[in-house]
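Here is a structure to read together. Look at it first, then follow the questions.

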Amino acid sequence: MSWTRKLVPSYFSGAVLAAIGFIVGSQYVWRVIGGVNWDLNDPGASGNFLEQGFLAGFVLMTLGWLIGIGAFKYPFTWMLGLKDPDHNEELRLAGKDAGIIRYFRFTTDHKVVGIQYLVVTMIMLAFGGLGAMLIRTELMFPGAWAFPKETYNTIVTMHGMLMILTIISFFVGPFGNFVIPIMIGARDMAFPRLNALSIAFLIIAMAVYAFIPFMGIGDPLTTGAGVQTGWTVYGTLADQTGIGVDALALAVILAGVSSQMGAVNLITTVIAMRAPGMSYTRMPMTVWGSIGASILSALGTASLTVDLVMIVMDRVFRTSFFFAATAGDFANNGYIGGGSAWLTQNLFWFFGHPEVYLLVLPAFGFVMDVTSVFARKPLFGYKTAILGLMGVVVLSFLVWMHHEFVSGFLPELRGFYMASTELISVPTGLIFLVLLGTMWRGRIWMTVTMGFVFAFTWSFLIGGITGIYLSDVPADVQLHGGMFVTAHFHYTIVGGALMGFLGAVYYWFPKMTGRMMDEKIGWISFWGIQIGFNGTFLAMFYVGLQGMPRRVADYSPLFAGGNLVASISAFVLGASVILYFYNVIYSWKAGPIAEANPWGAKTLEWTTPTPVPLENFGEIPVVTSGPYNYAEPATPSGVPARGVEAGPAIG
Amino acid sequence: MEISLGGQGHEASSHASHIDEEGKVRVGMLFYVIVDIMFALFLISAYVFLRGVNVNNLWFPDGTKNIDLTQTTIQTGLMVASGLCFVLAHWAVRQGIGGLVKLGITLAALLWIATLIYSIQYMGHLPFTQAGGGFASMYVLFTGYHIYHLLLGLMFVIGLTVRTLQGRYTRERHMGITTIGYYWYWVVIFGVIGYLLPIILPGPLH
């Protein structure tokens, strides 16, 4: 039957092999689970073996998944010197004539990968948001009334890490994959198989991540399952906490590999596959923003990987990267010290700071792009904007120790990091100037996307300025570890990156799905998000200034009022995001059919018909001007590139 | 954005003539190696940092035996020999000397595998365990990282050898040798770094 052939290889066969891999890898665990001895002081203890069992299980689960989805087929064909796939084989792998099953398997078509990323990241956002709602439930009233404190710690850690992983892939995953190749006039990404592999890695990373809340149940050493270290997973605590941290480490390493693969792919695509006439200064800003993010991902993620590998080695093999003092002897799970707490902080934050710019740079590029479209004006200062984006990329590697001002490092160095952190506001300011200059005296078409652009401007401004306050060492000494910091980064990440993402979904929905999103629901969800978001985090600034620490389940009644306001606003925010998701799902099924260029935009993706054909263009266009020339006569809407028929039905 | 069509003619295949297919793979592989270099830079920084802070004087605890220079020299020598054979093969393919290409690649591959086996054996017979302090931990991580790359690179090595023996690489088309060469050279260089680092910044501090 043809449907059985369609199921193998696919994500279904991948899942089956992943499950088998996990069971085989961890069977040591299953064998001892009846008589688990947790006491690490006991030479016969199985604590370490439980970890090793889980780790082996996860590694084999990943391998099983990759084998099951058929990711090794081409590498092995290549390795054994067999015949290279011909064009028809490549088209088959890209999902030609495959129907809906192509979304549930290893498919190389960048548009399919983009949709896969969209769905996966939205599911991740939903779970991260669930964590946020649980946090705000706990913090609604003083006292650890909703959850045990250890459980709350795990929820905070998981919410933080999951949201970070989501937003890393949020923009460059769906839109970097679906839109950018078409935007630069290419038929696909530079390495289509690597593209399919990167989404596969993200999926298995999330499968490993899902284990975290269930790991460590019953462990007497940590009174609570999961990971309680906070998303920064500092080695000094992570080395000693429950076994959930191993799942976290592996999941994040896998997600980091996925992100780096995507980064290399995107940069190579932009360097090598632009259409004739598409010079670097004719590329839309979205591409520049995504390149900036990809550079940061490619260069910085290794630092986090090193940190996490060291944590796992400390835990399983008793190395002492982070153990400062000696304990026991090796025969009895002992080790000799020599590790440093600063090592974990520096390794983490050397990644951690570029990482947060990684989150927001694609949104910077996108909002500049889309402002030009909806203000019907050329971008104000194209080269200034590039200077701004690349300035952020370079400077972001020079500021990381502002996260460690209170860690006790050499005080003479603090001035440098304070200055560099303040300096990074200059390129960011250039981007704002370009944005405002583009809006100025434009006849703005107020779509929901443009609403999100204004929301981005407002929110990132607040987030950025509060970042300047935090860059000041005396202020940071007071505010570090408090809710002011939490409010600051939510304003930048949620207010910056998430607003950009939500605007981008609305903007490119017609091209990706062939339908328009419902505008009324769009506006209602937009305003709900604004009211909820600002209510939550303005109140959080307030309690932060009052002195409330972060990552605490129980706080002083002094902060009760602000927290109650924040929690109620957060529930409004959550409901509005759910409404936005509903809009996505409802419009995908039943929204009005979209024309090929509903926004009258001038970038290349809008010259293709909807649905976009498998190879994007019949003939590769030759580009003769930039993407923002609204001074020229209006581009006729919906004129397809010559020689092209509409592509396969989407979904 | 104004576009003009018809300049390229209708293309049935996905290989558009304006794209440099070889250049594309070169850029991609180069970026991958750059990512790997970053990883190595962080490992080196961690080594220097831990050695510098010497927490509780436990970077190189008293009584720890140092690594055996003879063995590491052999290990690094095997790796460098593999790299040199590869350089020879790369030169030969650019000159079009088919026989020398096959010989060079095969020798390079065999030396790669010899390095891998020797490294695993060497790791198993270190004079300390990974639990023996800061230096021990970093040294095991370094060597382990190198072995991990030797292992993962086996796929490249075997594939390249098979394809070279099939005669697929000519003077005009030898992208596989060039691009895998980037990875090959990087693994050799990292092996040399791992060799030199404990010599320039040794474990024992006095």
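**Questions and answers**

Author: A:Val426 lies in helix H16 (residues 425-439) of chain A. Helices here are DSSP runs of H or I with at least four residues, strands are runs of E with at least two, and both are numbered from the N terminus. This is a predicted model, in which local features need pLDDT of at least 70, side-chain atom pairs count only at pLDDT 80 or more, and totals for chains, interfaces and linings use all residues. Residues are numbered from 1 along each chain as its sequence is written, while chains are lettered from A and ligands numbered from 1 in the order in which they are written.

Reader: Is A:Val426 buried, exposed or partly exposed?

Author: Count C-beta atoms, placed from the backbone, within 10 Å of the residue's own: 20 or more others make it buried, 12 or fewer exposed, and anything in between partly exposed. A:Val426 has 13 such neighbours, so it is partly exposed.

Reader: How far apart are the C-alpha atoms of A:Val426 and A:Gly391?

Author: Along the chain, A:Val426 and A:Gly391 are 35 residues apart. Between their C-alpha atoms the separation is 8.5 Å.

Reader: Which residues does A:Ala205 touch?

Author: Two residues are in contact if their C-beta atoms, placed from the backbone, lie within 7 Å. Leave out residues up to four places away in sequence, and A:Ala205 touches A:Ala251, A:Leu254, A:Ala255 and A:Ser258.

Reader: How do H6(A) and H9(A) lie to each other?

Author: Axes are lines fitted to C-alpha atoms, for helices over the stretch in contact, and angles run from 0 to 180 degrees between N-to-C directions. Helix H6 (residues 110-138) and helix H9 (residues 192-209) of chain A pack at about 15°, with axes 10 Å apart. Angles under 35 degrees count as roughly parallel, over 145 as roughly antiparallel, 65 to 115 as roughly perpendicular and the rest as oblique. H6(A) and H9(A) are therefore roughly parallel.

Reader: How do H2(B) and H3(B) lie to each other?

Author: The axes of helix H2 (residues 69-95) and helix H3 (residues 98-124) of chain B come within 8 Å and cross at roughly 160°. H2(B) and H3(B) are therefore roughly antiparallel.

Reader: And how do H13(A) and H17(A) lie to each other?

Author: H13(A) and helix H17 (residues 448-471) of chain A pack at about 130°, with axes 10 Å apart. H13(A) and H17(A) are therefore oblique.

Reader: Which residues of H17(A) make the contact with H13(A)?

Author: From H13(A) come A:Ala363, A:Val367, A:Val370, A:Thr371 and A:Phe374. From H17(A) come A:Thr449, A:Met450, A:Val453 and A:Phe456.

Reader: Which helix supplies the largest share of the side of chain A that touches chain B?

Author: The contact takes 62 residues from chain A and 53 residues from chain B. Helix H11 (244-272) and helix H12 (285-317) are among the elements of chain A that each supply at least two residues. The largest share, eight residues, comes from H12(A).
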